[in-house]
Amino acid sequence: FGGHAIGGRTNDLFLLDLSSWQWTQPATAGTAPSPRQASAICMGHGNMLFIHGGRNNFVLEDLHVLDFVSKTWTEISCVGRMPPPRHSHLLCVHKDHLYLFGGLDELGAQSFSMYRLAVPAGENYSTAKPEWVEWESELPYNKCRTCTFFQGALSVYQLGSNTLGRVNDEDVEKGLVYFDVFKTARLEGLRARQLDEEELKPKNAKRMRVQHTVNIASKMPRSFNSHSAQEAKVLAYVQDFQRIFEELYPHRRQLYLLPKNECGIPKFVCSTLRPTQLSYTELYDLDGCCAFVADFLAYEALEEPLHPPEHLPSPMSVLGWQAGDCFDMSVVLCSLLIGVGYNAFVVVGYGPPAVTFNDQT
């Protein structure tokens with residue numbers, strides 16, 4: 001089913017007769033899944049073909065089933081904790097349950113989450129609303145692994161582990177190491193994941209982008225992942241200042257001096273402002289810079305409206321994401337203005353909801 005052919009992505013379905021080795025293209029009823037590639041596919045109950053997610057111009061999260069008896073496609077409407085959009089993941093049916101594991105999310109980051117959905121034999125999927133449950137895979141993040149479902153077990157072959165030691169990223173890039181760890185677990189032995197209050201909150205787009213950047217931190221500039229000798233001295237001074245401030249003013253809000261960057265590394269807030277001069281003359285004055293930031297970046301409300309964000313990414317990442325909250329947009333704007341000679345500052349304060357939520361009605 002599907003894939004990327006010469007003319008683009010398809011949703012064609014072909015069957016191979018293993019006795020005659022002849023390909024056929026069956027006629028089907030119902031609405032077939034849209035053209036896509038890298039979707040997860042499996043057979044269940046002998047005559048049911050399940051297809052989840054994949055990607056076309058977007059990363060998808062829909063679930064479809066084809067009944068080979070009636071040759072009819074049905075899109076399954078699900079409830080519960082839905083798996084986020086993903087592609088290149090695994091799918092299998094085991095004892096009346098559909099299991100989904102891994103894949104790549106919308107930002108290309110590896111997922112190690114697992115989900116389970118009840119799909120009993122004989123179910124009418126045109127009316128049923130099965131519930132997704134996040135399942136515990138007991139596998140931490142490892143960017144170098146291959147996985148499979150086989151005979152009711154999830155098996156993994158990977159580079160290193162938390163127990164045996166992690167592998168140096170530079171050795172991986174150079175091809176100096178080989179897969180050396182095998183893990184397997186029976187699906188019946190795994191349990192529903194216990195989610196804390198933070199995980200039950202709706203997914204925040206900025207938090208997902210930051211998590212993706214943390215996962216690929218080794219590919220970011222070295223200064224994003226470490227501190228220079230000068231930075232280390234500044235950080236020690238700032239931390240000492242922050243400690244004294246908290247002792248003198250215990251009832252005041254903590255100063256926003258050392259937010260984490262997009263790689264999860266604490267950085268002195270002033271170092272995030274980088275004088276930037278682009279080669280576009282339209283950005284050499286105040287109005288041009290403001291119009292560019294307002295038009296190019298998609299505004300996102302703060303995750304906590306009364307608190308500064310946990311992460312303050314660099315202007316480079318914000319421009320790459322083309323989205324950000326008020327702190328991110330202000331840092332980009334100030335960096336551009338300082339780069340062309342303006343004396344610009346980011347001022348932190350509070351405003352009415354119409355301003356903070358960009359309500360222009």
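Glu188 is partly exposed, at 32% relative accessible area (buried means under 20%, exposed over 50%, partly exposed in between; 1.4 Å probe, protein chains only). Its salt-bridge partner is Lys95, with the closest N and O atoms 3.0 Å apart (a side-chain nitrogen of Lys or Arg within 4 Å of a carboxyl oxygen of Asp or Glu). This is a predicted model: local features need pLDDT of at least 70, side-chain atom pairs count only at pLDDT 80 or more, and totals for chains, interfaces and linings use all residues. Residues are numbered from 1 along each chain as its sequence is written, and side-chain values use heavy atoms, leaving out hydrogens and water.

**Salt bridges**

- The whole structure holds 15 salt bridges.
- Lys95 is exposed, at 60% relative accessible area.
- Asp328 and Lys206 meet at 3.1 Å, N to O.
- That pair joins helix H8 (residues 326-339) to helix H3 (residues 205-215), 122 residues apart (helices are DSSP runs, H or I, of at least four residues; strands, E, at least two; numbering starts at the N terminus).
- Asp328 is buried at 1%, and Lys206 is buried at 8%.
- Arg243 and Asp240 form a salt bridge at 2.5 Å, N to O.
- Both lie in helix H5 (residues 229-248), 3 residues apart, about one turn of the helix.
- Arg81, Glu134, Glu136 and Arg193 are linked in a salt-bridge network.

**Sheet**

- An open antiparallel sheet has 4 strands in the order E5-E6-E7-E8 (two strands pair if DSSP finds at least two bridges between them).
- Strands E5 (40-44) and E8 (72-75) stand at the edges, each with a single partner strand, so one side of each lacks a neighbour in the sheet.
- E7 (residues 59-67) pairs with E8 over 4 bridges.
- His64 has Glu75 in E8 as its bridge partner.
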